[in-house]
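Dear colleague,

Please find below the structure that I am handing over to you, followed by an account of what was found in it.

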Amino acid sequence: MKGKVIRKSDFLIVGIAVIAALCLLYFQRAGDGHRIARVTVNSLLVEEIDLDTQTEKTVIKPDTEYDVVIVAENGEIYFESSSCRDKICVKTGHLSKKGDTAVCLPAKTVVSISGGEVDALTY
Amino acid sequence: MGINAPRSKKLLIALLVAVLAAAGIFLILTQKEYSLDFMAMDTYDSVKVSGLEAKAAAEKAREITENLDVNVLSRHSEKSLIYALNRDGKAKIPTEYSQYFNTMTGAFYESGGAFDFTLGKISDLWGIGTDNERVPEEDEIKAALDKAGADKAVFDGGTFTVPEGLSVDMGAAGKGIALDEIRKAYGSMLVRRAVVSLGGSILLYGKGDFTVGIQTPGGSGYMAVLNLKQCCVSTSGSYERYFEKDGVRYHHILDPETGYPADSGLVSVTVVSDSGTLSDILSTACFVLGLENGKALCEKFGCEAVFIDIENTVHVTDGIKDKLEITDDTYRIEESR
C-alpha cells in the first residue's frame, strides 16, 4: 500500500519534468520557422521585425551619419533610400528569404533575415 | 521484495530525473549561441558561435579582426605595421606574424607573380570603390608597375625591407590572416562550433558538417552549395567591386603583369583550404591565372577550388567534386575530361 502512494507521486515528478523539458524546448524553438528581420547599426540591434506576422508598414530611420530609410512591408524589408555614395544597400533590393542580407558599409547599417538554409555565403 | 521494490524504483526514477536534468542543462549551456555583426577591413563581417564561451568567442573574433586591420595590415591606418613599412621601407615583423609573410612570399613565386602584394600604388591609380575611381593613363600604369613587384621586397624572417616607392597592400591576404588568427584563439576557448565571415571569406570551425553557398555572380543569393567539414573558404569575383566607363566594366582584381583588371575568362573562383591565408591568396591568384593554371596552382598547395567562367560553366577540382551541389540550373558543371 505504501508502495502505491510513492509510485503515484513518482509519476507526477516524471510528468512535471517531461512537461518542463517540453516547455523549455518549445520556448527555445519558438519562432524558429518565422522570418525575423534584424536591423543593426554599428553591431547594435536597432529593430527586430517578424516578417511573417507584421501587418503594418514599418519605416525605420536609424541614427547614423547618413540619411538611411529602411522599410518593412508585405513580408519584405529593404533600404528605400540612403545618402551614401554607392547605394549598394538600395541596389541590393527587397529581402524576403531567410539568410538575405543588405549592407550599407558607410552607414554601418545591416539588414538581415535570420535563419537561412546555408551556414554561410562566400563572395 | 514488496517493501524493497518501490524504494529502489524511487531511487531509479530520482536518478533518471537527475541525469536528464543534468544532460538538459549541459545541452542548453553548450548550445548557447551568439551572433555578432561588425565592419572591419573595409567589409561587412559576421560571426556566429555556439558553445560555453559563445559570446566571448564572437567578441574575440571582432577584436582580432579590428586589431589586425588598424594596427598591422591596413596601409591606410597610420598606426599600422604596413603603413610604417611603406613609409620607412623597413619594418620588424613580430614572430607571430612571420609565417603569414613567408606564405605570401612563397605564393608570389609559386604563382609566377599572379599573386602580388605590392600593387598598392596601382590600386590607388584605379581607385575602385573610392571617390577617385577612373581609368588611368597607360604611362601612369607603366610607371607604377615598374616600381611594384614582390620580388623587390625582402623578408629575412624578422625584418621586411622594400624599396622606396613600393606600396605593400594586404588586401588579398588580410582577411585570411585574420581567420587563421581567430581559429588559433578558438583553440583555447570553449567553442563548439563557429562560422566567421569576413567579407565573404569564411572560417568553419568545429565538429560536424557545414554548408556554404557560393554567391551567384552578379546576382543575389547563391548558385551552388558546398558541403564541408571545418576549413576556410574564400572567393574572388569580378562582380564584387567594379565601375563602368564608356560601356566597359573595370573590376578590382588587378593582373600584376598588366596593371589592368584581370581578364582570364573567369567571373569567380572559390578556394577551400585548411589555411585561411592560403584560401584568400589563392582565390585571387587563380582568378588572375585562369582555369588551367589556377587548377595547377591549387594542386601545388593541396587546395580545392570551384571556378565559374564567363559562360556560366562551373569547373571543380577532384577533391570536392562530390561536395558541390548546383542549385541554380542556369549553371552547369563541366563534365570531367
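Chain B contains nine helices and 17 strands, where helices (H or I, at least four residues) and strands (E, at least two) are DSSP runs numbered from the N terminus. This is a predicted model, in which local features need pLDDT of at least 70 and side-chain atom pairs count only at pLDDT 80 or more, while totals for chains, interfaces and linings use all residues. Residues are numbered from 1 along each chain as its sequence is written, and chains are lettered from A and ligands numbered from 1 in the order in which they are written.

Confidence and overall form

The average pLDDT of chain B is 93, and 97% of the residues score at least 70; pLDDT is the predictor's confidence in each residue, from 0 to 100. For the complex, the predictor gives an ipTM of 0.88 and a pTM of 0.86. Where pLDDT is low, the predicted coordinates should not be read in detail.

The C-alpha trace of chain B spans about 100 × 50 × 35 Å along its principal axes. Of its 337 residues, 44% count as buried. A residue is buried if 20 or more other C-beta atoms lie within 10 Å of its own, exposed if 12 or fewer, and partly exposed in between, with C-beta atoms placed from the backbone. Two residues are in contact if their C-beta atoms, placed in that way, lie within 7 Å. Among contacts in chain B between residues at least 6 apart in sequence, 59% join residues at least 24 apart.

The core and the elements around it

The largest nonpolar core has 116 residues; such a core is a set of buried Ala, Val, Leu, Ile, Met, Phe, Trp, Tyr and Cys residues joined through C-beta atoms within 7 Å. Val196(B), Ala285(B) and Cys286(B) have the most contacts inside this core. Leaving aside residues up to four places away in sequence, Val196(B) touches Val47(B), Ala61(B), Leu179(B), Ile182(B), Ile202(B) and Leu203(B).

Val196(B) is one of the residues of strand β6(B) that are buried. Six of the six residues of β6(B) are buried, so the strand is largely enclosed by the rest of the structure. In a regular strand the side chains alternate between the two faces of the sheet. Here both faces are covered, with Arg193(B), Val195(B) and Ser197(B) on one side and Ala194(B), Val196(B) and Leu198(B) on the other.

Strand β2 (residues 43-50) of chain B runs antiparallel to β6(B), joined by six bridges; two strands pair if DSSP finds at least two bridges between them. In this pairing Val49(B) stands opposite Ala194(B). β6(B) also pairs with β7(B) in the antiparallel sense over six bridges, and Arg193(B) stands opposite Gly206(B) there. The hairpin of β6(B) and β7(B) has two residues between the strands, and Gly199(B) takes a positive phi near 50° in it.

Helix α7 (residues 174-186) of chain B has 13 residues and reaches 19 Å from its first C-alpha to its last, close to the 18 Å expected; the expected span is 1.5 Å times one less than the number of residues. Eleven of the 13 residues are buried, so α7(B) is largely enclosed by the rest of the structure. The elements that cover them include α2 (54-73), α4 (95-110), β6 (193-198) and α8 (276-289) of chain B.

Met104(B) lies in helix α4 of chain B and counts as buried because it has 24 C-beta neighbours inside 10 Å. Residues up to four places away in sequence aside, Met104(B) touches Phe117(B), Ala173(B) and Ile281(B).

The contact between the chains

Chain A contributes 22 residues to the contact and chain B contributes 32. On the side of chain A that touches chain B, α1 (2-29) and β8 (120-122) each supply at least two residues, and α1(A) gives the most, with eight. Three bridges join β8(A) to strand β8 (residues 210-215) of chain B, and these strands run parallel. Ala120(A) stands opposite Val212(B) in this pairing.

Two loop residues

Most residues other than glycine have a negative phi, and most peptide bonds are trans. Asn42(A), although not a glycine, has a positive phi of about 55°, and is found in the loop between β1 (36-41) and β2 (44-50) of chain A. Asp42(B), also not a glycine, has a positive phi of about 65°, and is found in the loop between β1 (33-40) and β2 of chain B.

Yours sincerely
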